[in-house]
Amino acid sequence: MQTNTNLRVVENNSHSSKDFTIQASGKMFHMVISGLYSNKPQSITREIWSNAFDAHAMVDKQDVPFEVSFPTSLTPVFSCRDFGAGIAHENMEGFYTVLGHSTKEGTNKAVGKWGVGRMSPMSYTDTFSVVSRHKGMVAYYSIQLGPDGSPQLHVLAEPMPTNEEDGLEVSFPVKRDDIASFQRAAEVVSYGFKVPPKVKNSQDKQFQPITKSLSGDGYYFYNDSRLSGPYAQMGCVLYPISTMSFPTDLLPRNNKNIIYEFNIGDLEVTASRESLSYGANDPTICSLRTALRAAKHSMIDTSQKEIDTQPSLYRAMKLVIKYSRLLGDTNFHWKGQPIQTRSTVLNYPYMTLHVGSKGWNTKTIGFGLEKEAYAGQDYTIFVQDLKDKKANARTATRIAAALKSNERYIWVKTDLPDPKQKSSLDQLIHDLDYPVVYVKDLPDDGPVKTAPRGKLTVSTLNRDIRIDLDLTSQDFDNGGYYYHMEGGIYPETLMKLRTLIEQQLGMPIILVPKPMWKKFENATQWKLLLPKVDAMIKQYAAAAQIVLGDQYGHYIFTNLRGFKDHTGMLGQFSRQVEVTVTSQFMGIGWDVWDKQFRRLGLPLINNDRVQKEYNIILDKYPLLKLYDGSDKIKHHFLHYVNLIDNA
């Protein structure tokens, strides 16, 4: 690898000068070799394998795997055999014994350049073996520590004719306690090789390529617990990136699982090759910033292109959530419309459905009769055919038995023989792309045999918990509003709107079990609760829009609160963002009102006026759309704003 560090020439006015030198001794060899590497199993593996990679690159065998052996309990030996040019005997006794001598400093085909990696085994062991096959000759060598601690080359067998391919083989014994460490190191180091090494002594230990979750030009995200953090890949080596060396806005949100790809020589590395070099005269920081900036734009473009291909808005939402977790909040769109929500009310004609989840109790499902699905969750779609009552009996019990605790479901009730309803179901399945289970295919244990029923009671909600409620004859005669409760299921809507309902109706929420439905239906003084709730929401919708709409403290506007000391329109906007947000109306939160408006198809709470003000600011300072509100980078954007103001 060519060196890109700009060496400084320092002028001086001294009368004389004297060059420093290094005294060769066992102490210096120990310091330079053993003291160079902190993670010895991984560093030795990387150095020896990198030399094999370079040997193949120098003879254009990049597509040919070199051979390695795992140390095992039966054969505790580290071994690496390449098929490069090998080393002539005179060079083995020549430059091979000179620490710091390298033949790769003038080319970027190779990752080596320091001339110390070949001696890395000496940081772990007192001896290692080398077999060199060069131009039809083979010779055997041993490198051992001499009496003063300095390494010595011993010729075990002079060059002799051979029919084997050229190449170099390095091997050394591994302590049995370190076998697992060297095996783990080999698996991690192998991730840097597009052509992984071939394992000679085990069919079960062949190296697998790293699993990629999202990739683009110059980067890819990976899934592997043995790696952690952003890495820069040059050639076959993965170098950890220090996130303290450049602005965090250049990194995606999930920077723990990303690898950036560089050409050999783009970055400077330390002599141990355990990390990058970030010196003032090194190209590392500049190259990293350029590559990371381009990669982030590429990530957004790649993600947007995939979102554009989605056949439904809901499936587009799924990808937006997936990529937002990787990249941070980004303004994605679908079919030209911005995606501002991550959930949707499932409104399909000719059938009824509700969204729920399995509770901790493995025998029940809860929070039914909701119609809003969140694209960031996984659901199973259960289809109940209303035309085939016998095959679909005890649906709630069978669905509950099929689900795990806290697993979510979408329960669809439809007449499958009806072409219109079947078409509507097919559209839902296509739009959501979740697994589908038909209730008729679920196990059915038959009717539950129970003891004679005692007195049936209604129930109510108290702090989001359902409790039994004894309804006296006088209470029943007075009447009011009630909710049909089936199978212990009640809608989350009642919990979220409990304060509004109880304040407006002057009575608690009455939950009536199925065996008592007829009694309440035949009593004219009792009316269904949900139609009344919907009417109340519509009645107060306009007032809620006025109170909760056009607020500076919502959406992405909060990013600008750090500019409150600015004197212009940016500061005025930021100071209003600092004002406490009115997040409730009639005791109900902003998010609950928004969800109910979506459920009923009412105009949504909007920030149109504030959005227009925000757009005017972005027209003047377009780079502010990249600001994420972080204090660490605020000074960069303040400088940017001042440059525009003073232009």
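**Figure 1. The whole chain at a glance.** Of the 647 residues in the chain, 45% are buried. Here buried means under 20% relative accessible area, exposed means over 50%, and partly exposed lies in between (1.4 Å probe, protein chains only). This is a predicted model, where local features need pLDDT of at least 70, side-chain atom pairs count only at pLDDT 80 or more, and totals for chains, interfaces and linings use all residues. Residues are numbered from 1 along each chain as its sequence is written, and side-chain values use heavy atoms, with hydrogens and water left out. The chain has 17 helices and 28 strands, taken as DSSP runs numbered from the N terminus (helices are H or I with at least four residues, strands are E with at least two). Take the contacts between residues at least 6 apart in sequence: 71% of them join residues at least 24 apart. A contact means heavy atoms within 4.5 Å.

**Figure 2. Helix 6 alongside helix 8.** Two packed helices are described by the angle between their axes and the distance between the axes. For helix 6 (residues 313-327) and helix 8 (residues 419-432), the axes come within 6 Å and cross at roughly 20°. The axes are lines fitted to C-alpha atoms, for helices over the stretch in contact, and angles run from 0 to 180 degrees between N-to-C directions. On the helix 6 side you'll find Tyr314, Arg315 and Lys318, which meet His430, Asp431 and Leu432 in helix 8. Sorted by class, the contact of helix 6 with helix 8 has two nonpolar, one polar and three charged residues. Ala, Val, Leu, Ile, Met, Phe, Trp, Tyr, Cys and Pro count as nonpolar, Asp, Glu, Lys and Arg as charged, and the others, Gly among them, as polar.

Figure 3. Rings of Phe, Tyr and Trp (its six-membered ring) pair if their centres lie within 6.5 Å; planes under 30 degrees apart count as stacked, over 60 as edge-to-face and the rest as tilted. That rule gives 25 aromatic pairs. One of them is Trp49 with Phe207, an edge-to-face pair at 5.5 Å centre to centre with 70° between the planes. Trp49 sits in helix 2 (residues 40-58) and Phe207 in the loop between strand 7 (198-199) and strand 8 (211-216), so the pair ties together parts that are 158 residues apart in sequence. Trp49 is buried at 2% relative accessibility, and Phe207 is buried too, at 9%. Ring pairs also link Trp49, Phe53, Phe66, Phe70, Phe193 and Phe207 into a cluster.

Figure 4. Phe476 and Phe520 make an edge-to-face aromatic pair, with 5.2 Å centre to centre and 80° between the planes. This pair links distant parts of the chain: Phe476 belongs to helix 9 (residues 473-478) and Phe520 to helix 12 (residues 517-521), 44 residues apart. Phe476 is buried, with a relative accessible area of 15%, and Phe520 is buried at 1%. Now look for Lys519: it lies over the face of Phe476, at 4.7 Å from the ring centre. A charge counts as sitting over a ring if NZ of Lys or CZ of Arg is within 6 Å of the ring centre and within 35 degrees of the ring normal. Elsewhere, Lys212 lies over the face of Tyr220, at 4.2 Å from the ring centre.

**Figure 5. Two residues in the loop between helix 13 and helix 14.** Gln551 is in the loop between helix 13 (529-548) and helix 14 (569-577), and Gln551 counts as buried at 8% relative accessibility. Setting aside neighbours within four places in sequence, Gln551 is in contact with Phe557, Val581, Thr582, Asn607 and Val610. Asn559 also has its place in the loop between helix 13 and helix 14, but Asn559 is partly exposed, at 24% relative accessibility. Asn559 and Gly629 are 70 residues apart in sequence, yet 4.3 Å apart in space, C-alpha to C-alpha.

Figure 6. Most residues other than glycine have a negative phi, and most peptide bonds are trans. Arg394 has a positive phi of about 55° although it is not a glycine. Arg394 is in the loop between strand 19 (379-385) and helix 7 (395-402). For Asn406, phi is near 70°, again a positive value in a residue other than glycine, and Asn406 lies in the loop between helix 7 and strand 20 (408-414).
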